[in-house]
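I opened a new page today to look up one protein chain, step by step. Here is what I wrote down along the way.

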Amino acid sequence: QVQLVESGGGLVQAGDSLRLSCAASGRSFSDYRMAWFRQAPGKEREFVAAISWNGGDTSYADSVKGRFTISRDNAKNTVYLQMNSLKPEDTAVYYCTTQQGGQCTIATMKRPDCYRYWGQGTQVTVST
C-alpha cells in the first residue's frame, strides 16, 4: 500500500507561482517514476508532468511546458511541481501518482488509467 499526500495548492492571481508537494509513504519511492495529473470541473483527468526514478528524465504536457517544473527529493520521499506564470486555465485539482503498483510504461504514462495509487488532490485556483 502506498499513500500519497499532496499540499501547496491555493488561490492565486494570473501570473503568480505556486509549488506543490507530494509526500509518499514506503521505502520504494526512489524506484519508481512519479507523475502529476490535474482535473478541472467537468473535464477528464489529464497528464501534467512526470519524472523518472532518479530525476534524470522529465516529461511535460504541451500546455505547461516552459512554465512548470517537476522535481523530486528521494531522501525525503517527495515530488514537487513548481508552477510559474499561472493562467486561469490551470485551475484544477492536482493529483500526484506513482508508477508503483501500476501498469504504466513509457508509452502509456500519460494515461491516468494505468496508475494504481493516487493522493487526495490539492486545489489550485487561478483568478484573472
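**Entry 1: Ser71**

I started with Ser71, which lies in strand 7 (strands are DSSP runs of E, at least two residues, and helices are runs of H or I, at least four residues, numbered from the N terminus). Before going on, I noted that this is a predicted model, where local features need pLDDT of at least 70, side-chain atom pairs count only at pLDDT 80 or more, and totals for chains, interfaces and linings use all residues. I also noted that residues are numbered from 1 along each chain as its sequence is written, and that side-chain values use heavy atoms, with hydrogens and water left out.

Next I listed what Ser71 touches: Ile51, Val79 and Tyr80, leaving out residues up to four places away in sequence (contact means heavy atoms within 4.5 Å). I also checked Ala50, which is 21 residues from Ser71 in sequence and 8.8 Å away in space, C-alpha to C-alpha.

**Entry 2: Asn77**

I then moved to Asn77, in the loop between strand 7 and strand 8. Its relative accessibility is 18%, so Asn77 counts as buried. Which residues does Asn77 touch, not counting those up to four places away in sequence? I wrote down Cys22, Ala23, Ala24, Ser25, Gly26 and Phe29.

**Entry 3: the core**

I looked up the largest nonpolar core and found 37 residues in it (such a core is a set of buried Ala, Val, Leu, Ile, Met, Phe, Trp, Tyr and Cys residues joined through side-chain atoms within 4.5 Å). Trp36, Leu81, Met83 and Tyr94 have the most contacts inside this core. Several strands each supply at least two of its residues, among them strand 4 (34–39), strand 7 (68–73) and strand 8 (78–83). Which strand gives the most? I found that strand 5 does, with 5 residues.

**Entry 4: the whole chain**

Last, I stepped back and counted 0 helices and 11 strands in the protein chain. The radius of gyration is 13 Å, close to the 14 Å of the globule rule for 128 residues, so the chain is as compact as a globular protein of that length (the radius is taken over C-alpha atoms, and the rule is 2.2 Å times the number of residues to the power 0.38). Of the 128 residues, 45% count as buried. I also noted that, among contacts between residues at least 6 apart in sequence, 58% join residues at least 24 apart.

Key. Buried means under 20% relative accessible area, exposed over 50%, partly exposed in between (1.4 Å probe, protein chains only).
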